[in-house]
Amino acid sequence: MKPQILQLNPILIPAINDELASLYHVHKYFEIADQAAWLREHGPSIQAVITGGHTGIPRAMLEQLPALKVVAINGVGTDAVDLEYCRGRNLPVTATLGALTEDVADLAIGLLIAACRNICAGDRFVRDGQWELYPQPSAIPLARRFSGMNVGIVGMGRVGRAAATRAAAFGCPIRYTDLRRMDDVPHEFVADLRELARRSDALVLCAAADKAEGIVDAAVLDALGPRGYLVNVARGRLVNEADLAEAVAAGRIAGAGLDVFVDEPRVPLALRESDRTTLQAHRASATWETRTAMAQMVLESVAQALAGGRPTMSLTT
Ligand code: 8YV
């Protein structure tokens with residue numbers, strides 16, 4: 001009999017789904033109507049879980065999966081999995097480390113340029129026929145130059161470094177904050193986030209959210225100031241979203257480019273209504289190339305764990 005695996009998020013690569021189906025009996029949790037009853041009946045036979053970084057897996061569900069040999073995260077965020085609990089069970093939790101770095105950094109810079117240059121508002125202006133109605137150049141406010149901006153990176157991990165490399169290529173002086181100074185990073189370390197915001201034209205959030213919640217609050221946004229931009233490609237909960245919505249609505253920051261939100265897919269109205277925001281539906285890693293590479297790593301991790309070995313990408317064992 002094929003091993004039974006539980007998939008909490010869809011995988012969007014047909015070839016990978018075919019391979020999963022050929023190797024395992026795959027249960028798609030998101031398609032099950034009575035999930036509680038299903039878990040009670042089938043939980044004991046599940047040997048592997050595949051989930052997304054943002055979705056993770058609740059501890060209560062893990063407790064209903066006694067035969068589990070691996071939690072394979074199709075992503076890099078581990079903030080939605082209780083890693084301590086998994087360590088206690090000697091349960092491998094794997095992530096797709098390195099696979100999505102470039103795409104997430106690309107989108108960070110894309111969002112920042114889109115925010116500075118009002119690309120989405122400009123698109124709506126043309127698309128809605130407004131240009132014909134208001135052909136005078138003054139109908140659209142002047143934008144801000146991105147090249148040469150002071151960029152502050154919050155979280156100098158893989159994605160932070162890739163975003164810094166890209167911004168540096170645009171002639172941007174880079175500063176960063178993290179839990180500690182990194183000896184192998186050529187950019188200026190600023191320990192205090194508020195100070196980093198004060199010295200930045202744009203703050204780019206690339207940090208893990210395992211321990212950081214609401215670190216970008218009204219005080220940080222005010223330090224960024226009315227000419228400053230916020231970009232978030234990490235996790236919504238790094239930001240106090242109510243503070244951000246107020247700052248955007250009042251023009252206390254110049255704009256924001258956001259791929260992630262506190263309570264996805266719900267996005268506060270103030271952020272949706274504002275022309276200062278450029279919004280994405282948590283899409284930073286959503287390219288064919290990256291999602292294929294990620295899904296292959298997930299397949300590999302599940303195979304390694306079910307063969308009785310320690311998955312190479314395990315963060316807990
Ligand atoms: C993933 C993410 O692409 O890597 C993460 O932690 O949040 C995402 O960007 C997502 O998990 C895909 O399932």
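This is a predicted model: local features need pLDDT of at least 70, side-chain atom pairs count only at pLDDT 80 or more; totals for chains, interfaces and linings use all residues.

User: In what order do the strands of the five-stranded sheet stand?
Analyst: This sheet is open, and its pairing is parallel. Strands of a sheet pair through backbone hydrogen bonds. Read across the sheet, the order is 2-1-3-4-5.

User: What is the bridge partner of A72 in strand 5?
Analyst: Strand 4 covers residues 70-74. Strand 4 pairs with strand 5 in the parallel sense, over two bridges. In strand 5, the partner of A72 is T94.

User: What angle does the direction of helix 13 make with that of strand 4?
Analyst: Helix 13 packs on this sheet. It touches strand 3 (46-52), strand 4 and strand 5. The angle between helix 13 and strand 4 is about 175 degrees.

User: Are helix 1 and helix 13 roughly parallel or roughly antiparallel?
Analyst: Helix 1 spans residues 14-23, and helix 13 spans residues 288-306. Their axes come within 9 Å and cross at roughly 15 degrees. Angles under 35 degrees count as roughly parallel. Helix 1 and helix 13 are therefore roughly parallel.

User: How many nonpolar residues are in the contact of helix 1 with helix 13?
Analyst: Helix 1 brings P14, I16, E19, L20 and L23. Helix 13 brings W288, T292, A295, Q296 and L299. By class, two residues are polar, one is charged, and the nonpolar ones number seven.

User: Now the seven-stranded sheet: which strands are its edge strands?
Analyst: This sheet is open, with parallel pairing and the order 8-7-6-9-10-11-12. An edge strand pairs on one side only. The edge strands are strand 8 (188-189) and strand 12 (277-279).

User: How many bridges join strand 6 to strand 9?
Analyst: Strand 6 is residues 151-154, and strand 9 is residues 202-205. The two run parallel. V154 has L205 of strand 9 as its bridge partner. The number of bridges joining these strands is four.

Methods:
Residues are numbered from 1 along each chain as its sequence is written. Side-chain values use heavy atoms; hydrogens and water are left out. Axes are lines fitted to C-alpha atoms, for helices over the stretch in contact, and angles run from 0 to 180 degrees between N-to-C directions. Angles under 35 degrees count as roughly parallel, over 145 as roughly antiparallel, 65 to 115 as roughly perpendicular and the rest as oblique. Contact means heavy atoms within 4.5 Å. Ala, Val, Leu, Ile, Met, Phe, Trp, Tyr, Cys and Pro count as nonpolar, Asp, Glu, Lys and Arg as charged, and the others, Gly among them, as polar. Two strands pair if DSSP finds at least two bridges between them.
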